[in-house]
Amino acid sequence: MTAAASAETVRPVATTRTRRSRRGRLSGRQQLALQILCLLITATVLFPILWIFSLALDPRNLSRPDSLIPPGASLDAFARVIAQPTSDEIGLLELARNSFLLASSVALFSVGIGVLAAYAFSRLRFRGREVLMITILGVLMLPAVATIAPLFIMLNGIRLDLPILGHFALRQSLIGVGLAVVSGTLPFAIWNLKGYLDTIPKELEEAAAVDGCSRNQSFFKIVLPLATPALAVTGFLGFVAGWTEFYFVSIFLNDPSQGFTLSLALNKMVGAFGQTPWSDFAAFSILFAAPVSIVFFFFQKYIVGGLAVGGVKG
C-alpha cells in the first residue's frame with residue numbers, strides 16, 4: 001500500500017513539472033517572431049556604424065552614402081587624418097596623448113576619492129550623513145553644462161607657477177579641465193560605489209577586527225579586493241567621460257599648446273556652409289571611438305554586472 005501511494009503521489013508531481021516545462025517553451029511562431037525582432041534591433045544598431053564606415057571609405061566626400069561599399073573605396077581618409085587631422089599645428093598622436101592623460105586622470109581621481117567617500121557613507125554613522133547623501137544625489141542630477149560658468153570663473157582666478165609649465169591660469173590647462181570633469185563624475189562614483197559596498201557583509205570586517213586588523217587594514221585587504229568589479233566599472237565610466245569630454249575643453253582651452261584633445265579636433269573638422277570633409281570626419285570618428293569600443297566589447301559582461309550589483313542598494 002505504501003509503494004502504491006508513493007507512486008500515485010509521484011505521478012501528479014511529474015505531470016505538473018511536465019506542464020510547466022511545456023508552458024515555458026515557445027511555439028514555432030513565437031520563436032520566429034522573436035528572431036525577427038532581434039534581427040530588427042541588430043539592424044537598427046548596426047546601421048549607423050555601417051553608415052560611418054561607408055562615408056570613411058568613400059573618396060567622393062558625400063554627406064550621405066549611396067551604397068554600402070562605395071565605388072573606388074580606399075583608406076586615404078584614414079591616412080590623411082593620421083598625418084594631419086586639422087589645420088592646427090598638432091598631430092594625432094599628441095591629441096590622443098592629451099585625451100588619454102585627461103581620461104586616465106579623471107578615472108583615477110574619481111575612483112580614488114569616490115571609494116573613500118563611499119566607504120564612509122556605507123560603514124560610518126555621523127551627523128549630516130543623510131543630508132550629504134541627498135546633496136550628492138542632487139548634484140548627480142545636475143547637468144554638467146550648468147556648472148561651466150562657475151567653474152570657469154573659479155579656475156580662472158587660480159594661477160600656478162610650476163618649474164616645468166611656468167606661470168599659467170589653472171583654467172587654461174588640462175589640469176583645470178580634469179578638475180572640472182572630476183567634479184561631475186565624482187558624485188556618480190560615490191553613489192555607485194556606496195551601493196556596491198553596502199552588499200559586502202560587515203561581518204567580514206568584524207571578524208578581521210577580532211583577529212587584530214585595524215579599520216585601514218580591513219579596508220585595503222578585505223573591502224577593496226571584494227569591490228574590484230565596482231571599481232573597474234566606475235573607472236571605465238570615468239575614463240569614457242574624460243575621453244569624450246568636449247564642453248570644458250572647448251571653453252577652457254584657447255590654444256593647441258594648452259592641451260587640445262581628440263574631441264575638440266573632431267569638432268574643428270566641421271566646416272561652415274557645407275565645407276565639412278565628410279570622409280575625413282568619418283575616419284576620425286572611427287579612430288576616436290575605436291579604443292573605448294574595443295575595451296567595452298571585451299569587458300561588457302563585467303561592466304553590466306558591476307552596474308547591476310552597484311544599483312541594488314542606495
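Student: Which residues does Ser 263 touch, not counting residues up to four places away in sequence?

Tutor: This is a predicted model. In it, Ser 263 touches Thr 244, Glu 245, Phe 246 and Phe 288, once residues up to four places away in sequence are set aside. Ser 263 has its place in helix H12, which covers residues 262-268. The side chain of Ser 263 also reaches the backbone oxygen of Glu 245, at 2.5 Å.

Student: Is Ser 263 buried or exposed?

Tutor: Ser 263 counts as buried, because its relative accessibility is 8% and the cut-off for buried is under 20%.

Student: How should I read a nonpolar core, and which residues touch the most other members in the largest one?

Tutor: In soluble globular proteins, nonpolar side chains tend to be buried together. Here the largest nonpolar core has 45 residues, and those touching the most other members are Leu 95, Val 177, Phe 248, Phe 252, Leu 253, Leu 262 and Phe 284. Take Val 177 as an example: apart from neighbours within four places in sequence, Val 177 is in contact with Leu 102, Phe 248, Val 249, Phe 252 and Leu 253. There is also a second, separate core of 14 residues, and Ile 200, Val 223, Ala 227 and Leu 231 are among them.

Student: What span should helix H9 have, and how far apart are its end C-alpha atoms?

Tutor: Helix H9 comprises twelve residues, 215-226, so at 1.5 Å a residue it should span 16 Å; the end C-alpha atoms are 15 Å apart, which agrees.

Student: Which residues of H9 are buried, and what covers them?

Tutor: An α-helix has 3.6 residues a turn, so residues three or four places apart point the same way. In H9, the buried residues include Ser 218, Phe 219, Ile 222, Val 223 and Leu 224. The elements covering the buried residues of H9 include helix H4 (92-123), helix H7 (174-197), helix H8 (202-210) and helix H10 (228-243).

Student: How many salt bridges does the structure hold?

Tutor: Side chains of opposite charge can pair when their charged atoms come close. The structure holds six salt bridges. One of them joins Arg 80 and Asp 280, with the closest N and O atoms 2.7 Å apart. This pair links distant parts of the chain, 200 residues apart: Arg 80 lies in helix H3 (residues 76-83) and Asp 280 in helix H13 (residues 278-310). Arg 80 is partly exposed, with a relative accessible area of 42%, whereas Asp 280, at 14% relative accessibility, counts as buried.

Student: What are the closest N and O distances in the bridges of Asp 58 and Lys 194?

Tutor: Asp 58 pairs with Arg 60, the closest N and O atoms being 3.0 Å apart. Asp 58 is buried, at a relative accessible area of 2%, while Arg 60 is partly exposed at 37% relative accessibility. Lys 194 forms a salt bridge with Asp 198, where the closest N and O atoms are 2.9 Å apart; both Lys 194 and Asp 198 are buried.

Student: How many disulfides are there?

Tutor: A disulfide is a covalent bond between the sulfur atoms of two cysteines. The count here comes to zero disulfides. As for cysteines, Cys 38 counts as partly exposed at 41% relative accessibility, and Cys 213 counts as partly exposed at 29%.

Definitions and conventions. Residues are numbered from 1 along each chain as its sequence is written. This is a predicted model: local features need pLDDT of at least 70, side-chain atom pairs count only at pLDDT 80 or more; totals for chains, interfaces and linings use all residues. Side-chain values use heavy atoms; hydrogens and water are left out. A nonpolar core is a set of buried Ala, Val, Leu, Ile, Met, Phe, Trp, Tyr and Cys residues joined through side-chain atoms within 4.5 Å. Buried means under 20% relative accessible area, exposed over 50%, partly exposed in between (1.4 Å probe, protein chains only). Contact means heavy atoms within 4.5 Å. A salt bridge is a side-chain nitrogen of Lys or Arg within 4 Å of a carboxyl oxygen of Asp or Glu. Helices (H or I, at least four residues) and strands (E, at least two) are DSSP runs, numbered from the N terminus. A disulfide is a pair of cysteine sulfur atoms within 2.5 Å. The expected span of a helix is 1.5 Å times one less than its number of residues. A polar contact is a pair of N or O atoms within 3.5 Å; within protein, one must be able to donate a hydrogen and the other to accept it, and residues adjacent in sequence count only if both atoms are side-chain atoms.
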